[in-house]
Amino acid sequence: DNDRTVGPSMVGNLPIEWHRSRMKQDSCQSARALDVPPGFLAPVAVSWQWARSTTKCETWESRRRFRVRLGGVKNLCAMSTVWKVGIGANLNLNVMTARRKLNVLDHQPARLPGYAIAFHEGLRPFMVEPAFATIRLAEEGDVCVHGLAVLLSEEDARKLDRQEGASKVYSVEEILAELYDGRKVKAEVYVAKWALSSVPPSKRYLTLMIEGARMLGVHAEYLNHLESLPYYIPSEETIRKRSLWPKPQTLPPITLSDMQEHKKKEGARMWYSLLGYVFERNRITFSPLLREGCDSSARRLAFLRCQSLDSDDNARPFPRLDQLSSDEREYFLQAMDNDTATEGVEMVGHLVEFWEDQVLDHLLGDLCTAAETTMTP
């Protein structure tokens with residue numbers, strides 16, 4: 001629309017400006033009739049290429065393409081949609097799109113008047129993800145909770161419910177959300193069924209919330225509140241127990257093919273590996289970060305970095321210990337804290353292929369010592 005000198009001054013028997021104003025008027029009326037969020041039709045409404053056409057045939061073809069594109073938007077808006085408000089890891093838009101693979105139709109920062117941020121109990125024994133975000137009724141002096149409001153199709157909304165374990169961990173509550181652009185919408189929020197936690201969330205989880213809030217541009221008061229929250233730090237007793245872990249080379253060597261063969265044994269307990277240690281435990285029905293007969297190091301690292309979890313767990317090369325940041329290394333160690341503290345879980349071997357992919361030989365025999373020196377307080 002900035003280049004008004006290109007193209008004819010007349011299209012048919014009418015001035016080109018009449019066509020421009022009529023196109024803009026039609027698109028705005030369509031947006032109002034469909035209750036489309038501001039800007040949602042913009043990619044279609046500002047398509048003025050037809051007005052620069054040099055022949056009547058090209059003009060009508062361009063107008064036909066416009067009508068087809070506008071019709072697609074009408075169909076999209078006619079489908080059933082749901083507003084969701086993310087307040088924890090889902091406050092980070094990258095989590096919603098890259099990891100959860102949701103098609104976000106619209107998004108806005110939002111306030112939830114009358115509610116404050118809280119944290120509910122996480123994964124026992126509380127050594128890797130001790131707590132997750134939820135909301136509670138606000139009390140005097142509480143900071144109002146802010147979040148990421150996303151518009152999803154009904155199908156994607158229910159997909160998110162399944163990913164979050166809504167039937168077991170959360171109830172789905174509909175409350176009024178005030179979007180930063182002035183709209184007020186009814187939105188679904190996950191409210192914990194589990195008890196509120198006395199332990200703070202992990203540094204990974206809190207960092208996701210803070211980064212998401214910063215990228216989203218939430219009000220400074222709420223961002224400062226998130227930055228002031230504590231995160232989980234292992235106790236001295238937990239750190240002491242790490243020194244009791246057996247060194248990898250003192251455990252029997254186990255290969256990826258050994259783990260796959262063990263998986264086929266009827267009645268056998270499950271094997272999986274993490275950071276080169278092979279663990280044995282009772283079989284579990286489902287875990288997003290653990291696959292029987294596989295090394296979960298790459299999966300946990302992708303989870304930590306908000307990347308897709310669709311890759312092959314046993315694809316080589318495995319993550320290299322010397323390339324992990326101190327925070328990433330500590331997160332892995334906390335996962336191992338959690339596993340070794342879980343009843344019935346044992347270290348039964350070391351994964352041969354994992355250690356073959358490591359560059360620094362001394363890490364094979366000195367994992368615990370190296371980890372302790374790189375811990376962040």
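## Helix H9 and its buried side

In this predicted model, helix H9 spans residues 256–263. Its buried residues are Leu256, Met259 and His262. They cover an arc of only 125° around the axis, so they sit on the same side of H9. An α-helix has 3.6 residues a turn, so residues three or four places apart point the same way.

What covers these buried residues? Part of the cover comes from strands: S9 (253–254), S10 (270–274), S11 (277–281) and S12 (346–351) are among the elements involved. Helix H12 (352–356) is also included.

In soluble globular proteins, nonpolar side chains tend to be buried together. Here, the largest nonpolar core has 52 residues. Those with the most contacts inside it are Val85, Ile87, Leu112, Ile117, Phe119, Met209 and Leu226. Helix H6 gives the most to this core, with 7 residues. A second, separate core has 35 residues, including Ile254, Leu289, Phe303 and Tyr331.

Take Met209 from the largest core. Leaving aside neighbours within four places in sequence, Met209 is in contact with Ile87, Gly88, Ala89, Leu91, Ile117, Phe119, Ala133 and Leu226.

## The second largest pocket

The second largest pocket holds about 350 Å³ of space. Its lining has 20 residues. Closest to the pocket centre are Lys203, Arg204, Thr207, Leu304 and Asp327.

Which helices each supply at least two residues of this lining? Helix H6 (203–216) and helix H11 (326–341) do. By class, the lining has 8 nonpolar, 5 polar and 7 charged residues.

Definitions and conventions: Residues numbered from 1 in each chain as written. Predicted model: local features only at pLDDT ≥ 70, side-chain atom pairs only at ≥ 80, totals over all residues. Heavy atoms only, no water. Buried < 20%, exposed > 50% of the residue type's maximum accessible area, 1.4 Å probe, protein only. Helix = DSSP H or I, 4+ residues; strand = E, 2+ residues; numbered from the N terminus. Arc of directions from axis to C-beta. Contact = heavy atoms within 4.5 Å. 1 Å grid on protein atoms, 1.4 Å probe; cavity = no way out; pocket = protein on both sides within 12 Å on 5 of 7 lines; lining within 4 Å. Points joined across faces, edges and corners; volume = space filled by probe spheres on them. Nonpolar A, V, L, I, M, F, W, Y, C, P; charged D, E, K, R; others polar. Core = buried A, V, L, I, M, F, W, Y, C linked by side-chain atoms within 4.5 Å.
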